[in-house]
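My notes follow in the order I looked things up.

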Amino acid sequence: MNYKALRMTTCCLASAFTLAASPVIAGATPVAGASEITNVNVTSELTSSSPTSGIMLALSQYLADQTITVKNVAKQITETQTVTATEARTVTEEVQETEQTEDKTETETTTKKKKVMIVAQVDGYVNVRAHADENSKVLGKLYDDSVGTVIKEKDGWYKIKSGSVTGFVKADYVEVATKELLKKVGTKIATVDTETLRVRKKADADAKVIELVPGGEELTVVSLAKKDEGWVKVSVEGGEGYVSADYVTLSTEYTYAESKEEEAARLAEEEADRRAAEAAAAAAAQQSSSNNSSSSSSSSSSRSSSSSSSSSSSSSSSDRSYSAPSGSNGQAVANYACQFVGNPYVYGGSSLTNGTDCSGFVMSVYAAFGVSLPHSSSAQRSAGYGVSIDDIQPGDIVCYSGHVGIYVGNNTIVHASSPSTGIKYTSPITYRTVLAVRRIF
């Protein structure tokens, strides 16, 4: 009987060892169950008295430990699978969220890139209103060829932002801007960043210099050809030439809407400037009259004594006599300016007799009428107030790219043109693109 029990115990023990040594598969519940059954059988056998009961008890304890180990391993595998599944789900969620964020960012970027612009195409201007209604409050004016950015479209109206003005314009008076239209209404500008900029005949550092331009001047860009990389083609009085891109800052100028407040401030400033100019011109005319009266009392004998010598000598620009400014209007300015035709051009100069450049010429002519202007063609483009070419009058300042002149009537300007020609007349005034016409008187 004892022998039989020992043999059975040995068989059970062998089975238990086999099960304990077998590899555990995740979720293999039957393995843990078999170990428990084997342990119960062995324990029941140990209840009978036997010489080997000590050994059996030790073996029983070992098997119990193995059962616990099997359970722990199974539990760890299950927990590992759960953690792995959770991590996988978390990673999936993060990827989805990242993709959604990227999609959203891409959509927002696309939306930003698709900003629509409009250009006013009207005679004069179109009103910018507070609401999409012809009877609503006028916030400002969008002048012809001015641009704005569309915020939304509503019932035949565009809500736009242009300059400081945000409001509605009727769609009938504007066009959605194409690249070609924006190029037409915009002016590409090269602002001089160096003290003196050389404009050359070709895109070559060794090419002939056709003109010198002072720092701060704004030149109209003709083209930015790839074949001329590093150079910018610009328009100057001497013609079209090239400047190094290293010495200019490029920008594009557009005209934007003007608010009611900005318009009122501009008109008030222009009126103040006009009154000041008229007062200065009147004072200059009075001073001129006084000077002419005093000079008329000079002795005729002194003139006759020098007549023989003067007949044999040629007069220079400094020897010529010039009339003092008289009057207080644009025509008086034009008349005064014309008497200096033939005098020399000097870069950076401002002497009407000994040499001046274009902006120095305009500055000095107006200085004779008590009007102070800057010595810069770009700055003079903001002097006084603007008028259209159709309304131009004698005395108006005609502004070009890097150049200015004074209108004298009959589609003609007088200006300090170049070193080779000096101060001269030029017609028609549209011999180059006119950027602005400014009126002082």
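**Strand partners**

I began at Thr-187, whose bridge partner in β14 is Glu-253. Strands here are DSSP runs of E with at least two residues, helices are runs of H or I with at least four, and both are numbered from the N terminus. This is a predicted model, where local features need pLDDT of at least 70 and side-chain atom pairs count only at pLDDT 80 or more, while totals for chains, interfaces and linings use all residues. Residues are numbered from 1 along each chain as its sequence is written, and side-chain values use heavy atoms, with hydrogens and water left out.

β8 and β14 pair antiparallel over 6 bridges; I count two strands as paired if DSSP finds at least two bridges between them. β8 also pairs with β11, again antiparallel, over 3 bridges. There, Thr-191 has Glu-218 of β11 as its bridge partner.

**The pocket**

Next I checked the largest pocket, which comes out at about 2000 Å³. A pocket is an open set of points on a 1 Å grid over the protein atoms alone, where a 1.4 Å probe fits and protein lies on both sides within 12 Å along at least five of seven lines; lining residues have an atom within 4 Å of a point. The volume is the space filled by probe spheres set on the points, which are joined across faces, edges and corners.

I get 48 lining residues, and Thr-187 turns up again among those nearest the centre, with Thr-255, Arg-381, Leu-435 and Ala-436. α5 gives the most to the lining, 5 residues. β8, β11 and β14 are among the elements that each supply at least two.

**The open sheet**

Then I traced a sheet of 6 strands, antiparallel, in the order β18-β23-β19-β20-β21-β22. Its edge strands, β18 (385-387) and β22 (422-426), each pair on one side only. Within the sheet, β20 and β21 pair over 3 bridges, and Tyr-407 has Ile-413 of β21 as its bridge partner. Helix α9 (residues 358-367) packs on this sheet, touching β19, β20, β21 and β22; contact means heavy atoms within 4.5 Å.

**The core**

Last, I looked up the largest nonpolar core, which has 30 residues, with Phe-361, Tyr-366, Ile-440 and Phe-441 making the most contacts inside it. Such a core is a set of buried Ala, Val, Leu, Ile, Met, Phe, Trp, Tyr and Cys residues joined through side-chain atoms within 4.5 Å, and buried means under 20% relative accessible area with a 1.4 Å probe, protein chains only. Phe-361 touches Ala-337, Ile-406 and Val-414, among others.

Key. Axes are lines fitted to C-alpha atoms, for helices over the stretch in contact, and angles run from 0 to 180 degrees between N-to-C directions. Buried means under 20% relative accessible area, exposed over 50%, partly exposed in between (1.4 Å probe, protein chains only). Lists of a residue's contacts leave out its neighbours within four places in sequence.
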